[in-house]
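Subject: Handover of the structure

Hello,

Here is the structure I promised to pass on. Please open it first, then read my notes below.

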Amino acid sequence: MTEMKLSYAKNSEVAGVADKNTTVWTKKDLLGLEYLSKEEIELILDDAESFKEVLARPLRKVPTLRGKTIVNLFYEPSTRTRISFELAAKRLSADVINIVKEGSSIQKGETLIDTGRNLEALKADIIVVRHNCSGAAMMLSRALNISVVNAGDGWHEHPTQALLDIFTLREKLKNIRGINVSIIGDIAHSRVARSNIWGLTKLGASVTVCAPKELIPSGIEKMKVKVTDSIDEAIKDADAINVLRMQFERDEAEAFPSKIEYFRTFGVTEERLKKAKKNIIVMHPGPINRGVEMAAEVADGANSVILEQVTNGIAIRMAVLYLVAHAKKGKLV
Amino acid sequence: MREKAKLLDKDGIKNAVIRISHEIIEKNKDTENLVIIGIRNRGEYLAHRIAESIENIVKSRIPVGILDITLYRDDLTEVAEQPVLKETIISFDITGKRLVLVDDVLFTGRTIRCAMDQLIDFGRPRVIQLAVLIDRGHRELPIKADYVGKNVPTSLNEVIEVKLAEVDDRDEVIICEK
C-alpha cells in the first residue's frame, strides 16, 4: 500500500495548486444538509460540475465505482429519485439492486435495521434509502458500517433534491450568496423545503417560505427564513421560486378544501409572474400537479428549469455516491 | 523536503518544448490530423506550449484537449490525499487522429495507463504517442515515452518538482529529497 501511494505521489500534486475546492470529504453517509458545512456542500456542487461533463461525453460512463454494489431501498413510491440514483450508480459502473416495499420481506414485517444488516452481510457498499419516517436514514446509518444516503425521510430531509436545486441555481446565477429564493407550497410536510432551507441559508441566500398559515410549521423562523402567506409577496423580489407539490394525501389539517381553491390562492400563474423579476427562475421538484400549484404554461414556460433540474440530479447523485464511497477514513460521522 | 539540484531552468524547459515539437512534426508528417492532449494539472500547460510551438512551425491550428484522470485511477481508495476532481475538456472527436498525450513527469506509468483507458472511451485514435518533460524511471507498467525532454535517473526517495509559470511563480524543474 505504501508503494501504491508512492506511485501516485505525482509531482504535480506535491506542488499542489488547486483552483477548486480542496475540502476533504470524511463522512461515510449523506443524511441531510443540516449536518454538512458550507464547504462540504460546495465540494458536492463542484464535483457535480465535473460529473455533468462526464454525462456529455460520447461514452457516458466512468469506471470509478467498478466492483461496488449500491442498493436502492425504497419504502415509498418514487420514479424520478430512484431512476436518477440508479442511473448515477450505473454511470459510475457500480452494480445496482433495487428493493421496493412491495414484493420484499419488508411486507413480512422485517425491520429497517434488520434489512440493512442483511444487505451489509450481502456485501453491499452503499444503501440509498427512502422512508416515510423522519430520521430513518440516520437510524440505519448508525446501525451499519456501510454508507447510507438519504433519498428522503418523512418530513425531515431530501438532501440530494436540495443539492440539485442549488446546483441548478448556481449554474444559472453563478452565485448563491445574496440571492432571494422563495419556497412556495406545503412547507409543513416538505422534506424538500427543509433541505433547501438548510442548504441555501448555509450558502448565504435569503429564503422566504410561502404557504397557507396552516401549512407553515411552527418555529420555522428559527431556520432564518422569512414567512409570508401572500404569493405575490413571495414572488415580488425573488430571483428564483421553488414551487412544491401540494400533497393533498398528507394534508390532515385540510387547509384547503379543493384543488381549484388552492390554485386560485397559491397557484403560480403567468399573470402573477408578470410582477416578478424578468428572469425569475421557476423550479419544481416534481411530480407537478398542473393547474394546482402551478399553471401548465408556467411549467413549460421560458423561465422554467424543471427538466434541467432532472438532468442535474444525475450529476449531483454521482458526486454524492463518489464522495461517500471514497470518504477519507478515520473520522466517521 | 530538501532541494538537491535544479534539472531545468526557464530556457531549459523552453528548449525541451521546442525540441519535442520538432520531433513530433518529424514523426507525424501528417500534422493535419495531429491533436494534443495534456494530463491535468501540469501536462495541460505543457500541451498548450507544445501546440503553440508546432503551430508556429506548420502555420495551422493544432487542437488541444485536457484530460482529468481521477475517475479512472486504480488506487482511489488508497491514495493518501483525496484528489480534486476536475473536468475533462476534449471538444473534438479523437477517432482517426494522431494523438500526442502530454504529461510533466513519467514515473510508474500508472497515470498514463489511466489516461489511455480514458482516451479509448472517447474514441479510437489512429495512434497515441507520449510526450513528457521528465522521465525519472521506476516504471511499474510496460509504458515508454516517444518524446522526452530530459531523462533523469532517480531514487525512490527523491521527488521531482515541475514548476510552470501558468500556475507557479516561475518555470523550473528541481529534484528534492524527502
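Which pattern does chain B follow, read along the sequence? The pattern is β-α-β-α-β-β-α-β-β-β-β. That makes 3 helices and 8 strands in chain B. Helices (H or I, at least four residues) and strands (E, at least two) are DSSP runs, numbered from the N terminus.

Before the rest, some ground rules. This is a predicted model, in which local features need pLDDT of at least 70, side-chain atom pairs count only at pLDDT 80 or more, and totals for chains, interfaces and linings use all residues. Residues are numbered from 1 along each chain as its sequence is written, while chains are lettered from A and ligands numbered from 1 in the order in which they are written.

**Confidence**

The model scores ipTM 0.85 and pTM 0.89. Chain B averages a pLDDT of 94, where pLDDT is the predictor's confidence in each residue, from 0 to 100. In chain B, 98% of the residues score at least 70.

**Chain B**

The radius of gyration of chain B is 16 Å, close to the 16 Å from the globule rule for 178 residues, so chain B is as compact as a globular protein of that length. (The radius is taken over C-alpha atoms; the rule is 2.2 Å times the number of residues to the power 0.38.) The C-alpha atoms fill a box of roughly 45 × 40 × 30 Å along the principal axes. Of the 178 residues of chain B, 44% count as buried. A residue is buried if 20 or more other C-beta atoms lie within 10 Å of its own, exposed if 12 or fewer, and partly exposed in between, with C-beta atoms placed from the backbone.

Most residues other than glycine have a negative phi, and most peptide bonds are trans.

- The peptide bond from Arg40(B) to Asn41(B) is cis, with omega near 0°. Asn41(B) sits in the loop between β2 (34-39) and α2 (42-58) of chain B.
- Lys59(B) is not a glycine, yet has a positive phi of about 55°. Lys59(B) lies in the loop between α2 and β3 (64-67) of chain B. Lys59(B) counts as exposed because it has 8 C-beta neighbours inside 10 Å.
- His138(B) is not a glycine either, and has a positive phi of about 65°. Its loop runs between β5 (127-135) and β6 (147-151) of chain B. With 15 C-beta neighbours inside 10 Å, His138(B) counts as partly exposed.

**Chain A**

Chain A has 13 helices and 9 strands. Its radius of gyration is 20 Å, close to the 20 Å that the globule rule gives for 333 residues, so chain A is as compact as a globular protein of that length. The C-alpha trace spans about 65 × 55 × 40 Å along its principal axes. Of the 333 residues of chain A, 46% count as buried.

How is chain A divided? There is domain 1 (21-158 + 313-325) and domain 2 (159-247 + 254-310). These bounds come from an automatic or database domain assignment. The C-alpha centres of the two domains lie 25 Å apart. In all, 23 residues of domain 1 are in contact with 22 residues of domain 2; contact means C-beta atoms, placed from the backbone, within 7 Å. On the domain 1 side, α3 (38-55), β4 (147-153) and α13 of chain A each supply at least two residues. The largest share, 5 residues, comes from α3(A).

**The core**

The largest nonpolar core holds 146 residues. Such a core is a set of buried Ala, Val, Leu, Ile, Met, Phe, Trp, Tyr and Cys residues joined through C-beta atoms within 7 Å. Ile127(A) and Leu321(A) touch the most other members. Helix α13 (residues 306-325) of chain A gives the most, with 11 residues. Each domain of chain A contributes at least three residues.

Not counting residues up to four places away in sequence, Leu321(A) touches Leu65(A), Ile70(A), Ala88(A), Ala89(A), Leu92(A) and Ile126(A). Leu140(A), in helix α6 (residues 136-143) of chain A, is buried, with 25 other C-beta atoms within 10 Å. Among the residues that Leu140(A) touches are Ile127(A) and Val129(A).

Pro287(A) is in the loop between β9 (281-283) and α12 (296-299) of chain A.

Best wishes

Methods. Contact = placed C-beta atoms within 7 Å.
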